Amino acid sequence: MTSTHTSTGQERLVAGPVSSLPTDHGIFAIRSFTVDAVTHAVLTMGDPADCARPLVRVHSECLTGDALGSHRCDCGDQLGAALAAIAAEGHGMLVYMAEHEGRGIGLAAKLQAYALQDEGLDTVSANRALGLPDDARDYTAAAAILRELGCPRIRLLTSNPNKQEALEELGIDVVSRVRLPVADRPENSAYLTSKRLRMNHDVPPETDTEESSTQLRGVDPDVYAALAANEEVVAQLAQSQDGFIATRTGDACFVSGITDRTHLHQIRAHVGAVLVGAQTVIADDPQLTVRAVPGTDPVRVVLDPHARVPVTSTVLSTGPTPTVWLIGSEAVPSSNVGDHVRVVSLPAAATPQEIIAVIRGQVAGSILVEGGGRTVSAFLAAGALDRLFLTTAPVFIGDGVPGIRFQGSEVMAQALRTPFRRFELGEDMCTEYLLSPAAAAHSQTNPSVQDSVSVESPQPTQ
């Protein structure tokens with residue numbers, strides 16, 4: 001027998017008969033649910049509706065990972081771990097979502113994206129190169145199935161906060177998110193890192209590798225403590241050995257390694273605001289949130305004198321992290337931005353010091369100037385930075401988007417020299433330049449800092 005009804009979300013749902021499915025993890029009940037002409041499979045153990053908050057996995061179909069055993073992704077591992085977790089609890093549900101292949105772009109497009117990844121793009125950049133969204137999945141059918149089976153309140157087996165938010169927007173109460181114990185493989189480590197850094201996926205709480213540890217070996221603890229305890233202006237930039245932050249096409253994913261990016265997230269977690277220029281937002285569409293380490297997201301500040309940043313960018317369209325949009329007094333911003341955005345007018349031809357003063361009027365704490373190269377260089381040349389973290393990666397780009405550039409001195413004796421410290425971040429080398437007496441004083445406890453740190457450093461020639 002099959003049953004048919006129209007759910008509260010107006011989706012037409014047809015439920016198939018129940019049968020048993022013996023698996024390596026135990027015997028599950030399986031049935032089909034056809035929602036708006038697409039058929040999904042649902043595996044249950046026990047009666048999830050009898051639980052106040054049953055364990056549920058909403059799993060996107062993946063032919064390569066689930067059926068063919070591919071290690072390019074972790075889908076097959078996640079599927080097996082989810083069934084094992086449900087069996088261990090004795091009750092729960094797995095909703096196997098059809099038409100979710102390749103995060104909703106389909107098998108053919110996913111294999112095209114694989115080819116681009118083989119050429120060096122990460123999973124997000126590959127999708128965008130094909131003109132496709134980062135994630136095209138729709139969870140309307142999953143929400144309808146959960147309601148039909150009497151499970152509107154669940155514990156969700158996932159490391160993807162966006163999946164939780166999507167289900168909650170559809171009326172499902174996700175009381176907690178449960179991470180599956182699936183380890184990264186060498187073949188999918190870069191893929192999973194990209195999802196964590198660019199798609200907001202959870203970072204594993206514990207790991208044995210230095211690259212993904214939130215406790216960065218060799219980095220003095222006062223580096224972050226000074227930023228949290230004071231109101232400094234700090235910049236961070238990662239560039240190649242020959243001084244470029246991206247290729248000529250603008251591809252910057254990724255110049256430096258995982259450890260340096262964890263270091264960047266540590267800085268974000270200890271400052272009040274993170275500032276980027278308009279070109280960085282247009283080129284990279286960054287989230288500017290804390291994802292690789294525990295901590296609070298800083299206020300996002302977009303320096304956009306001509307109001308060029310599209311309102312569809314993540315920082316202007318996605319909350320709840322607050323965003324301050326700094327625009328020129330003559331610019332006319334779009335009104336179609338999220339409620340989390342505060343539009344603030346800048347003085348005409350504002351200097352870096354004037355920009356800092358405007359931000360100080362909006363946000364307390366230290367300010368991180370994160371990019372791009374022109375913005376960081378302008379703040380450095382103006383003498384507006386207290387410290388600069390400049391990471392050099394062991395790669396030669398040849399030409400592309402330059403990193404630190406400013407009008408320098410004609411003789412070496414007048415070149416900018418400041419006290420510094422160096423940290424090894426995986427394969428990369430990070431140099432911390434102490435550019436102001438305040439930053440030097442805040443770092444006096446470190447014996448590696450020179451005795452001259454109390455002397456004001458010369459500034460670059462304008």
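# A tour from Gly-328

Select Gly-328: this residue is buried, with a relative accessible area of 14%. Buried means under 20% relative accessible area, exposed means over 50%, and partly exposed lies in between (1.4 Å probe, protein chains only).

The model is predicted: local features need pLDDT of at least 70 and side-chain atom pairs count only at pLDDT 80 or more, while totals for chains, interfaces and linings use all residues. Residues are numbered from 1 along each chain as its sequence is written, and side-chain values use heavy atoms, with hydrogens and water left out.

**Stop 1: around Gly-328.** Gly-328 sits in strand E14 (residues 323-328). Helices (H or I, at least four residues) and strands (E, at least two) are DSSP runs, numbered from the N terminus. Show the contacts of Gly-328 beyond four places in sequence: Asp-304, Pro-305, Ser-345 and Leu-346. Contact means heavy atoms within 4.5 Å. Now pick Arg-360. It is 32 residues from Gly-328 in sequence, and the C-alpha to C-alpha distance is 17 Å.

**Stop 2: the largest core.** Select Leu-326. Leu-326 is among the residues with the most contacts inside the largest nonpolar core, along with Ile-359, Val-369, Phe-379, Leu-385 and Leu-388. That core has 29 residues. Color helix H13 (residues 352-360): H13 gives the most to this core, with four residues. A separate, second core has 28 residues, including Val-219, Val-223, Trp-325 and Phe-423. A nonpolar core is a set of buried Ala, Val, Leu, Ile, Met, Phe, Trp, Tyr and Cys residues joined through side-chain atoms within 4.5 Å.

**Stop 3: helix H8.** Move to residues 189-198. Eight of the 10 residues of H8 are buried, so the helix is largely enclosed by the rest of the structure. Show the buried ones: Tyr-191, Leu-192, Thr-193, Ser-194, Lys-195, Arg-196, Leu-197 and Arg-198. They pack against helices H3 (101-104), H5 (123-129), H10 (258-269) and H11 (278-284). Step just past H8 to Asn-200, which takes a positive phi of about 70°.

**Stop 4: Thr-280.** Follow H11 to Thr-280, which lies in that helix. Thr-280 is buried at 15% relative accessible area. Its contacts, leaving out neighbours within four places, are Asp-285, Pro-286, Gly-371 and Gly-372.

**Stop 5: the surface.** Select Leu-63, Leu-68, Leu-107 and Leu-111: together they make a nonpolar surface patch of about 350 Å². Leu-107 lies in helix H4 (residues 107-118). At 34% relative accessibility, Leu-107 counts as partly exposed.

**Last stop: zoom out.** The protein holds 15 helices and 20 strands. Its radius of gyration is 25 Å, close to the 23 Å that the globule rule gives for 462 residues, so it is as compact as a globular protein of that length. That radius is taken over C-alpha atoms, and the rule is 2.2 Å times the number of residues to the power 0.38. The C-alpha trace spans about 85 × 50 × 40 Å along its principal axes. Buried residues make up 48% of the 462.

Methods: Patches are made of residues with over 30% relative accessible area and no salt bridge: like charges are joined within 9 Å, nonpolar side chains (Val, Leu, Ile, Met, Phe, Trp, Tyr) within 5 Å. Accessible areas come from the Shrake-Rupley method with a 1.4 Å probe; for residues, only the protein chains shown count as cover. A salt bridge is a side-chain nitrogen of Lys or Arg within 4 Å of a carboxyl oxygen of Asp or Glu.
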